[in-house]
Amino acid sequence: MSQQPDPPTSKLTADCGSCFGLCCVALPFAASADFAASKPAGTPCTHLRTDFRCGIHARLRESGYSGCTVFDCFGAGQQVSQVTFGGQDWRQAPDTARQMYDVFPVMRQLHELLWYVTEALRLPRARPVHGELRHALDALERHTAADADTLLDLDVPQLRGDISELLLRASELVRAQIPGRRKNHRAADLIGARLRGADLRGANLRGALLIAANLRGADLRTADLIGADLRDADLRGADLTDAVFVTQAQLNAAQGDAETRLPGELSRPAHW
């Protein structure tokens, strides 16, 4: 049996000190509850300093920029800044700025997929698909090392679709350990839903809209939460032990407390 490769965990963690503030420049945002002001794509945020640091990082929520606190590039920022463009920033080389901004969201999607595939490879019950997942991991690694032109020519939707099928198979293998009929809320509109204390063990919540849902004390063990929108969801006292494909950004967007049980690799958000 071939040895499982070491997951690239370090490169999938955002290192803002090695990035040229790409999320603060390349991406647009609109004035809303998440952002105090609007900004078009390719325009630096007014709070971005000359050293590419955020001038209000320590008080983003209080300043009306909670949307920034829940964004995660999965390490794509430093990959584009230091690898794809060799450490040359968009201020030093303004002629490459537009291409850098276009590459960043592509790389972000690749790194997000890398994160999910890496997580799937950590699931013992998903072993029957580990071989295919390792092939997917290798292919994604090659894509992230490509030059800017190659990255912009990449068919990302097709790639996402192929890997999504693999991740779903991994999820089904994990959730099959829960006996009985498991709830299927895939892509469901559960905004503000009253799910306090609900038994959601092994549930399919992929892409579900759980904005401001009351999940207080809910049992979410081994539930699949890939792509679920947990903004302002009440997770106080909820059990997410072994929940599948939960990201730190999802937790950062939710509300929880000291009684919320989390997957071992994730951290309790400071605002909880």
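**Ground rules.** I am working from a predicted model, in which local features need pLDDT of at least 70, side-chain atom pairs count only at pLDDT 80 or more, and totals for chains, interfaces and linings use all residues. Residues are numbered from 1 along each chain as its sequence is written, and side-chain values use heavy atoms, with hydrogens and water left out.

**Aromatic pairs.** How many aromatic pairs does the structure hold? I found nine, where rings of Phe, Tyr and Trp (its six-membered ring) pair if their centres lie within 6.5 Å. Planes under 30 degrees apart count as stacked, over 60 as edge-to-face and the rest as tilted.

I looked at Phe52 and Trp90: their ring centres are 5.6 Å apart and their planes at 70°, so this pair is edge-to-face. The pair links distant parts of the chain, 38 residues apart: Phe52 is in the segment before helix H1 (66–69), and Trp90 is in the loop between helix H2 (76–84) and helix H3 (97–121). Helices here are DSSP runs (H or I, at least four residues), numbered from the N terminus.

Are these two buried or exposed? Phe52 is buried at a relative accessible area of 14%, and Trp90 is buried at 8%. I use buried for under 20% relative accessible area, exposed for over 50% and partly exposed for in between (1.4 Å probe, protein chains only).

My next pair was Phe74 and Trp115, which is tilted, with 6.0 Å centre to centre and 50° between the planes. Phe74 sits in the loop between H1 and H2 and Trp115 in helix H3, so this pair ties together parts 41 residues apart in sequence. Both Phe74 and Trp115 are buried.

I also noted one aromatic cluster formed by Phe20, Phe52, Trp90 and Tyr101.

**Cores.** Which residues have the most contacts inside the largest nonpolar core? They are Trp90 and Leu167, in a core of 49 residues. A nonpolar core is a set of buried Ala, Val, Leu, Ile, Met, Phe, Trp, Tyr and Cys residues joined through side-chain atoms within 4.5 Å. H2, H3, helix H4 (130–144), helix H5 (148–152) and H6 each give two or more residues to this core, and H3 gives the most, with 15. A second, separate core of 29 residues includes Leu210, Ala238, Leu251 and Leu266.

**Helix H3.** I checked the span of H3: its 25 residues reach 36 Å from first C-alpha to last, close to the 36 Å expected at 1.5 Å a residue. The expected span is 1.5 Å times one less than the number of residues. In H3, 19 of the 25 residues are buried, so this helix is largely enclosed by the rest of the structure.

**The loop between H6 and H7.** Asp224 lies here, between helix H6 (156–175) and helix H7 (248–253), and is buried at 0% relative accessibility. Its side chain makes a polar contact with the side chain of Arg206 at 2.9 Å and reaches the backbone nitrogen of Ile226 at 3.0 Å. A polar contact is a pair of N or O atoms within 3.5 Å; within protein, one must be able to donate a hydrogen and the other to accept it, and residues adjacent in sequence count only if both atoms are side-chain atoms.

Thr222 is in this loop too, with a positive phi of about 60° although it is not a glycine. Thr222 is buried at 6%.
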